[in-house]
Amino acid sequence: MKKWWFDYKTVILSGASSGIGKDLTIRLIKDHGCKVIGIARTESKLAALKEELGNKADNFSYYTFDVSEKEKWFELAETLKKENIQPDILINNAGILPKFDRFANYTLEEVDKAMEINFFSSVYSMKALMPVIMKSESSAIINVASSAALCSLAGTSVYSASKAALKSFTDAVREEHRGEMYVGLVCPGFTKTDIFRNQSESSSKSEKAMNMVSTDCDKMVDLIIDGMYHKKEDMVFGMDAHMMDVGNKALGTTCSKVASKVMEISGLEIFKEVFRR
Ligand SMILES: NC(=O)c1ccc[n+]([C@@H]2O[C@H](COP(=O)([O-])OP(=O)(O)OC[C@H]3O[C@@H](n4cnc5c(N)ncnc54)[C@H](OP(=O)(O)O)[C@@H]3O)[C@@H](O)[C@H]2O)c1
(Lines give C-alpha, C1' and ligand atoms only; values in the text may rest on other atoms or scores of the structure.)
Protein backbone atom coordinates (compact mmCIF):
# COMPACT_ATOMS: atom_id res chain seq x y z
CA MET A 1 0.00 0.00 0.00
CA LYS A 2 1.19 3.55 -0.82
CA LYS A 3 2.83 5.25 2.16
CA TRP A 4 2.47 8.99 2.51
CA TRP A 5 5.09 10.93 4.43
CA PHE A 6 2.34 12.78 6.33
CA ASP A 7 0.41 9.67 7.44
CA TYR A 8 -0.40 9.86 11.19
CA LYS A 9 1.25 13.28 11.59
CA THR A 10 -0.07 16.12 13.73
CA VAL A 11 -1.24 19.05 11.64
CA ILE A 12 -2.18 22.57 12.71
CA LEU A 13 -4.56 23.92 10.09
CA SER A 14 -6.13 27.39 10.04
CA GLY A 15 -9.46 27.97 8.36
CA ALA A 16 -10.65 24.46 9.22
CA SER A 17 -14.30 25.43 9.58
CA SER A 18 -15.23 25.64 5.90
CA GLY A 19 -14.24 25.24 2.25
CA ILE A 20 -10.75 24.00 1.40
CA GLY A 21 -9.65 23.85 5.06
CA LYS A 22 -12.64 21.77 6.13
CA ASP A 23 -12.23 19.28 3.26
CA LEU A 24 -8.48 19.07 3.87
CA THR A 25 -9.12 18.32 7.55
CA ILE A 26 -11.51 15.49 6.66
CA ARG A 27 -9.08 13.99 4.13
CA LEU A 28 -6.04 14.21 6.41
CA ILE A 29 -7.94 12.52 9.23
CA LYS A 30 -9.93 9.91 7.30
CA ASP A 31 -7.39 8.90 4.65
CA HIS A 32 -4.12 9.55 6.47
CA GLY A 33 -4.84 9.02 10.16
CA CYS A 34 -3.57 12.53 10.94
CA LYS A 35 -4.42 14.42 14.10
CA VAL A 36 -5.66 17.84 13.05
CA ILE A 37 -5.72 20.87 15.32
CA GLY A 38 -8.11 23.21 13.53
CA ILE A 39 -8.36 26.96 13.94
CA ALA A 40 -11.19 29.30 12.93
CA ARG A 41 -13.52 31.85 14.52
CA THR A 42 -16.85 30.02 14.26
CA GLU A 43 -17.15 27.50 17.07
CA SER A 44 -20.46 26.05 15.80
CA LYS A 45 -18.89 25.08 12.46
CA LEU A 46 -15.86 23.49 14.13
CA ALA A 47 -18.12 21.56 16.52
CA ALA A 48 -20.26 20.38 13.58
CA LEU A 49 -17.12 19.20 11.77
CA LYS A 50 -16.04 17.23 14.84
CA GLU A 51 -19.44 15.58 14.89
CA GLU A 52 -19.27 14.85 11.15
CA LEU A 53 -16.00 13.00 11.69
CA GLY A 54 -17.91 10.28 13.60
CA ASN A 55 -15.61 7.59 14.99
CA LYS A 56 -12.58 9.68 13.94
CA ALA A 57 -13.71 12.70 15.98
CA ASP A 58 -10.92 12.16 18.51
CA ASN A 59 -8.41 12.99 15.78
CA PHE A 60 -9.82 16.52 15.58
CA SER A 61 -9.39 19.21 18.20
CA TYR A 62 -9.86 22.89 17.67
CA TYR A 63 -9.20 26.39 18.96
CA THR A 64 -11.43 29.33 18.15
CA PHE A 65 -9.57 32.55 17.58
CA ASP A 66 -8.97 35.23 15.00
CA VAL A 67 -5.74 34.33 13.18
CA SER A 68 -4.81 38.01 12.95
CA GLU A 69 -4.46 38.24 16.76
CA LYS A 70 -0.74 37.55 17.07
CA GLU A 71 -0.72 36.74 20.80
CA LYS A 72 -3.15 33.85 20.22
CA TRP A 73 -0.52 32.00 18.20
CA PHE A 74 2.01 32.32 21.03
CA GLU A 75 -0.63 31.15 23.51
CA LEU A 76 -1.28 28.14 21.26
CA ALA A 77 2.46 27.34 21.17
CA GLU A 78 2.51 27.49 25.00
CA THR A 79 -0.56 25.26 25.29
CA LEU A 80 0.94 22.65 22.96
CA LYS A 81 4.15 22.67 24.99
CA LYS A 82 2.23 22.22 28.26
CA GLU A 83 0.22 19.36 26.77
CA ASN A 84 3.32 17.75 25.34
CA ILE A 85 1.99 17.87 21.79
CA GLN A 86 4.55 17.87 18.98
CA PRO A 87 3.02 19.31 15.80
CA ASP A 88 4.69 18.24 12.53
CA ILE A 89 2.93 20.35 9.91
CA LEU A 90 1.47 23.87 9.84
CA ILE A 91 -1.02 24.72 7.10
CA ASN A 92 -1.87 28.43 6.93
CA ASN A 93 -5.11 28.34 4.98
CA ALA A 94 -7.44 30.88 6.65
CA GLY A 95 -8.21 33.79 4.37
CA ILE A 96 -10.81 36.27 3.21
CA LEU A 97 -11.68 37.67 -0.18
CA PRO A 98 -12.68 41.33 0.07
CA LYS A 99 -15.50 42.43 -2.22
CA PHE A 100 -14.29 42.98 -5.81
CA ASP A 101 -13.95 46.76 -5.94
CA ARG A 102 -11.72 49.64 -7.00
CA PHE A 103 -8.88 50.49 -4.60
CA ALA A 104 -10.34 54.01 -4.32
CA ASN A 105 -13.49 52.53 -2.75
CA TYR A 106 -11.80 50.48 -0.01
CA THR A 107 -11.42 51.99 3.44
CA LEU A 108 -8.00 51.72 5.04
CA GLU A 109 -9.62 49.49 7.69
CA GLU A 110 -10.61 47.04 4.94
CA VAL A 111 -7.06 47.09 3.59
CA ASP A 112 -5.58 46.47 7.07
CA LYS A 113 -8.01 43.63 7.73
CA ALA A 114 -7.17 41.80 4.51
CA MET A 115 -3.42 42.20 5.08
CA GLU A 116 -3.75 41.03 8.69
CA ILE A 117 -5.79 37.93 7.90
CA ASN A 118 -4.26 36.94 4.56
CA PHE A 119 -0.63 37.80 5.24
CA PHE A 120 0.35 38.76 8.79
CA SER A 121 -1.51 35.81 10.33
CA SER A 122 1.00 33.47 8.62
CA VAL A 123 3.91 35.60 9.81
CA TYR A 124 2.59 35.33 13.38
CA SER A 125 1.83 31.61 13.22
CA MET A 126 5.24 30.86 11.74
CA LYS A 127 7.05 33.03 14.28
CA ALA A 128 5.26 31.25 17.13
CA LEU A 129 5.24 27.70 15.79
CA MET A 130 8.25 27.24 13.50
CA PRO A 131 10.65 26.52 16.39
CA VAL A 132 8.31 23.76 17.58
CA ILE A 133 7.50 22.39 14.10
CA MET A 134 11.19 22.23 13.25
CA LYS A 135 11.76 19.73 16.06
CA SER A 136 9.72 17.21 14.05
CA GLU A 137 11.50 14.84 11.65
CA SER A 138 8.73 15.56 9.12
CA SER A 139 8.52 19.31 9.60
CA ALA A 140 6.52 21.16 6.98
CA ILE A 141 4.78 24.48 6.43
CA ILE A 142 2.24 24.92 3.67
CA ASN A 143 0.83 28.37 2.98
CA VAL A 144 -2.31 28.85 0.92
CA ALA A 145 -1.99 31.95 -1.26
CA SER A 146 -3.95 32.35 -4.50
CA SER A 147 -3.59 32.69 -8.25
CA ALA A 148 -4.13 36.38 -7.42
CA ALA A 149 -0.53 36.33 -6.15
CA LEU A 150 0.64 35.47 -9.67
CA CYS A 151 -1.26 38.06 -11.71
CA SER A 152 -3.21 41.08 -10.41
CA LEU A 153 -6.61 41.86 -11.86
CA ALA A 154 -8.72 44.99 -11.60
CA GLY A 155 -10.84 44.82 -8.46
CA THR A 156 -8.37 42.66 -6.52
CA SER A 157 -5.71 45.22 -5.52
CA VAL A 158 -5.85 44.44 -1.81
CA TYR A 159 -6.43 40.68 -2.08
CA SER A 160 -3.66 40.30 -4.69
CA ALA A 161 -1.24 42.36 -2.60
CA SER A 162 -1.93 40.28 0.53
CA LYS A 163 -1.43 37.00 -1.35
CA ALA A 164 1.63 38.23 -3.26
CA ALA A 165 3.16 39.23 0.08
CA LEU A 166 2.46 35.73 1.40
CA LYS A 167 4.04 34.20 -1.71
CA SER A 168 7.25 36.29 -1.48
CA PHE A 169 7.54 35.68 2.24
CA THR A 170 7.09 31.91 1.78
CA ASP A 171 9.60 31.74 -1.10
CA ALA A 172 12.28 33.42 1.04
CA VAL A 173 11.66 31.32 4.16
CA ARG A 174 11.84 28.16 2.00
CA GLU A 175 15.36 29.03 0.86
CA GLU A 176 16.43 29.92 4.41
CA HIS A 177 15.39 26.44 5.56
CA ARG A 178 16.06 24.37 2.44
CA GLY A 179 17.06 20.89 3.52
CA GLU A 180 15.65 21.40 7.03
CA MET A 181 11.93 21.39 6.31
CA TYR A 182 9.44 21.29 3.45
CA VAL A 183 7.88 24.67 2.66
CA GLY A 184 5.04 24.57 0.14
CA LEU A 185 2.96 27.32 -1.41
CA VAL A 186 -0.49 26.65 -2.85
CA CYS A 187 -1.91 29.07 -5.42
CA PRO A 188 -5.43 27.87 -6.10
CA GLY A 189 -7.53 29.35 -8.84
CA PHE A 190 -11.26 29.92 -8.30
CA THR A 191 -12.60 27.08 -6.17
CA LYS A 192 -16.22 26.29 -5.32
CA THR A 193 -16.42 27.35 -1.66
CA ASP A 194 -18.31 29.98 0.30
CA ILE A 195 -15.49 32.52 -0.01
CA PHE A 196 -17.61 34.55 -2.42
CA ARG A 197 -20.32 35.04 0.25
CA ASN A 198 -19.43 38.73 0.70
CA GLN A 199 -19.58 39.69 -2.94
CA SER A 200 -22.32 42.11 -3.97
CA GLU A 201 -25.81 40.69 -4.63
CA SER A 202 -24.30 38.29 -7.14
CA SER A 203 -26.82 37.40 -9.84
CA SER A 204 -27.42 33.84 -11.01
CA LYS A 205 -25.60 34.85 -14.21
CA SER A 206 -22.51 35.76 -12.13
CA GLU A 207 -22.77 32.54 -10.16
CA LYS A 208 -23.06 30.45 -13.33
CA ALA A 209 -20.05 32.17 -14.87
CA MET A 210 -17.96 31.75 -11.70
CA ASN A 211 -18.95 28.09 -11.48
CA MET A 212 -17.81 27.54 -15.05
CA VAL A 213 -14.26 28.65 -14.29
CA SER A 214 -14.09 27.24 -10.74
CA THR A 215 -12.58 23.95 -9.62
CA ASP A 216 -14.65 21.70 -7.32
CA CYS A 217 -13.45 21.93 -3.74
CA ASP A 218 -12.81 18.18 -3.40
CA LYS A 219 -10.79 18.21 -6.64
CA MET A 220 -8.72 21.14 -5.30
CA VAL A 221 -8.10 19.20 -2.09
CA ASP A 222 -7.03 16.12 -4.14
CA LEU A 223 -4.49 18.30 -5.93
CA ILE A 224 -3.19 19.79 -2.67
CA ILE A 225 -2.85 16.35 -1.03
CA ASP A 226 -1.00 15.04 -4.10
CA GLY A 227 1.21 18.16 -4.16
CA MET A 228 2.05 17.66 -0.49
CA TYR A 229 2.87 14.00 -1.15
CA HIS A 230 5.41 15.03 -3.79
CA LYS A 231 6.61 17.92 -1.59
CA LYS A 232 5.92 20.28 -4.46
CA GLU A 233 7.06 23.79 -3.69
CA ASP A 234 4.85 25.75 -6.11
CA MET A 235 1.35 24.34 -6.30
CA VAL A 236 -0.55 26.27 -8.97
CA PHE A 237 -3.89 24.47 -9.23
CA GLY A 238 -6.91 25.10 -11.46
CA MET A 239 -7.07 25.95 -15.14
CA ASP A 240 -7.59 29.67 -14.47
CA ALA A 241 -4.59 29.71 -12.12
CA HIS A 242 -2.38 28.07 -14.77
CA MET A 243 -3.52 30.61 -17.34
CA MET A 244 -2.68 33.48 -14.99
CA ASP A 245 0.70 31.98 -14.12
CA VAL A 246 1.77 31.26 -17.69
CA GLY A 247 0.13 34.45 -18.99
CA ASN A 248 1.92 36.65 -16.48
CA LYS A 249 5.30 35.01 -17.12
CA ALA A 250 4.90 35.32 -20.90
CA LEU A 251 3.06 38.62 -21.20
CA GLY A 252 3.69 40.57 -17.98
CA THR A 253 1.19 43.39 -17.47
CA THR A 254 -0.55 42.53 -20.77
CA CYS A 255 -1.94 39.47 -18.97
CA SER A 256 -3.55 41.70 -16.30
CA LYS A 257 -4.81 44.02 -19.02
CA VAL A 258 -6.43 41.27 -21.11
CA ALA A 259 -7.93 39.41 -18.12
CA SER A 260 -9.30 42.66 -16.64
CA LYS A 261 -10.82 43.55 -20.00
CA VAL A 262 -12.53 40.15 -20.12
CA MET A 263 -13.97 40.84 -16.64
CA GLU A 264 -15.24 44.23 -17.80
CA ILE A 265 -16.92 43.04 -20.99
CA SER A 266 -18.46 40.06 -19.17
CA GLY A 267 -20.84 42.62 -17.63
CA LEU A 268 -21.12 40.39 -14.55
CA GLU A 269 -22.79 41.87 -11.47
CA ILE A 270 -19.90 40.96 -9.13
CA PHE A 271 -17.46 43.15 -11.10
CA LYS A 272 -19.93 46.04 -11.46
CA GLU A 273 -18.27 48.41 -8.95
CA VAL A 274 -14.81 47.73 -10.34
CA PHE A 275 -15.58 49.24 -13.73
CA ARG A 276 -18.01 51.99 -12.66
CA ARG A 277 -16.37 55.29 -13.74
N1 LIG B 1 -12.18 29.63 -3.04
C2 LIG B 1 -11.37 30.21 -3.91
O3 LIG B 1 -11.78 30.49 -5.07
C4 LIG B 1 -9.95 30.51 -3.54
C5 LIG B 1 -9.05 30.84 -4.58
C6 LIG B 1 -7.74 31.13 -4.27
C7 LIG B 1 -7.31 31.08 -2.96
N8 LIG B 1 -8.18 30.75 -1.97
C9 LIG B 1 -7.67 30.75 -0.60
O10 LIG B 1 -7.94 29.49 0.02
C11 LIG B 1 -8.07 29.68 1.42
C12 LIG B 1 -9.35 28.98 1.89
O13 LIG B 1 -10.44 29.64 1.28
P14 LIG B 1 -11.86 28.97 1.04
O15 LIG B 1 -12.21 29.17 -0.38
O16 LIG B 1 -11.89 27.61 1.62
O17 LIG B 1 -12.76 29.99 1.87
P18 LIG B 1 -13.87 29.79 2.98
O19 LIG B 1 -14.77 28.66 2.66
O20 LIG B 1 -14.45 31.15 3.18
O21 LIG B 1 -13.01 29.40 4.27
C22 LIG B 1 -12.16 30.33 4.89
C23 LIG B 1 -11.72 29.77 6.23
O24 LIG B 1 -10.88 30.74 6.85
C25 LIG B 1 -11.37 31.01 8.16
N26 LIG B 1 -11.07 32.38 8.52
C27 LIG B 1 -11.32 33.50 7.80
N28 LIG B 1 -10.93 34.59 8.47
C29 LIG B 1 -10.44 34.15 9.66
C30 LIG B 1 -9.89 34.78 10.79
N31 LIG B 1 -9.75 36.12 10.86
N32 LIG B 1 -9.48 34.03 11.83
C33 LIG B 1 -9.61 32.67 11.80
N34 LIG B 1 -10.11 32.02 10.74
C35 LIG B 1 -10.53 32.74 9.70
C36 LIG B 1 -12.88 30.75 8.07
O37 LIG B 1 -13.40 30.42 9.33
P38 LIG B 1 -14.30 31.37 10.26
O39 LIG B 1 -15.10 32.25 9.35
O40 LIG B 1 -15.08 30.41 11.06
O41 LIG B 1 -13.31 32.13 11.09
C42 LIG B 1 -12.89 29.53 7.16
O43 LIG B 1 -12.65 28.37 7.91
C44 LIG B 1 -8.07 31.20 1.66
O45 LIG B 1 -6.80 31.60 2.10
C46 LIG B 1 -8.36 31.77 0.29
O47 LIG B 1 -7.82 33.07 0.11
C48 LIG B 1 -9.48 30.46 -2.23
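Mentor: Let's begin with R178, which is partly exposed at a relative accessible area of 45%. For that scale, buried means under 20% relative accessible area, exposed means over 50%, and partly exposed is in between, using a 1.4 Å probe and protein chains only. E233 falls in the partly exposed class too, with a relative accessible area of 31%. The side chains of these two residues, E233 and R178, meet in a salt bridge with an N to O distance of 2.9 Å. E233 sits in the loop between helix 7 (217–229) and strand 7 (234–237), while R178 sits in the loop between helix 5 (157–176) and strand 6 (182–188), so the bridge ties together parts that are 55 residues apart in sequence.

Before we go on, a word about what you are looking at. This is a predicted model, in which local features need pLDDT of at least 70 and side-chain atom pairs count only at pLDDT 80 or more, while totals for chains, interfaces and linings use all residues. Residues are numbered from 1 along each chain as its sequence is written, and side-chain values use heavy atoms, with hydrogens and water left out.

A salt bridge here is a side-chain nitrogen of Lys or Arg within 4 Å of a carboxyl oxygen of Asp or Glu. Helices (H or I, at least four residues) and strands (E, at least two) are DSSP runs, numbered from the N terminus.

In total, the structure holds 12 salt bridges. One of them pairs the side chains of E52 and K22, at 3.2 Å from N to O. This pair links distant parts of the chain, with E52 in helix 2 (residues 43–52) and K22 in helix 1 (residues 19–32), 30 residues apart. E52 is partly exposed at 46% relative accessible area, and K22 is partly exposed at 24%.

Another salt bridge joins the side chains of R276 and E273, with 2.8 Å between N and O. R276 is partly exposed, at a relative accessible area of 46%, and E273 is partly exposed as well, at 23%. There is also a network: R27, D31 and D222 are joined into one by salt bridges that share partners.

From charged pairs, let's move to the ligand. Of the 31 residues around the ligand, R41, T42, Y159, T191 and T193 come nearest; a residue counts as near if one of its heavy atoms lies within 4 Å of the molecule. That shell divides into 15 nonpolar, 11 polar and 5 charged residues. In this sorting, Ala, Val, Leu, Ile, Met, Phe, Trp, Tyr, Cys and Pro are nonpolar, Asp, Glu, Lys and Arg are charged, and the others, Gly among them, are polar.

For R41, the distance from a side-chain N or O atom to a ligand oxygen is 2.7 Å. A polar side-chain atom of K163 lies 2.9 Å from an oxygen atom of the ligand. The protein covers 97% of the 880 Å² of accessible area that the ligand has on its own, by the Shrake-Rupley method with a 1.4 Å probe. Helix 1 and helix 5 are the elements that give two or more residues to the shell.

Helix 5 also holds L166, which is buried, with a relative accessible area of 1%. The C-alpha atoms of L166 and N143 are separated by 7.7 Å, although the residues are 23 apart along the chain.

Finally, a look at the cysteines. The structure holds 0 disulfides, a disulfide being a pair of cysteine sulfur atoms within 2.5 Å. C187 is in no disulfide, and the nearest cysteine sulfur, that of C151, is 12 Å away. C187 is also buried, at 2% relative accessible area. C255 has its sulfur 3.5 Å from the closest cysteine sulfur, in C151, which is too far for a bond. C255 counts as buried too, at 9% relative accessibility.

Note on methods
A polar contact is a pair of N or O atoms within 3.5 Å; within protein, one must be able to donate a hydrogen and the other to accept it, and residues adjacent in sequence count only if both atoms are side-chain atoms.
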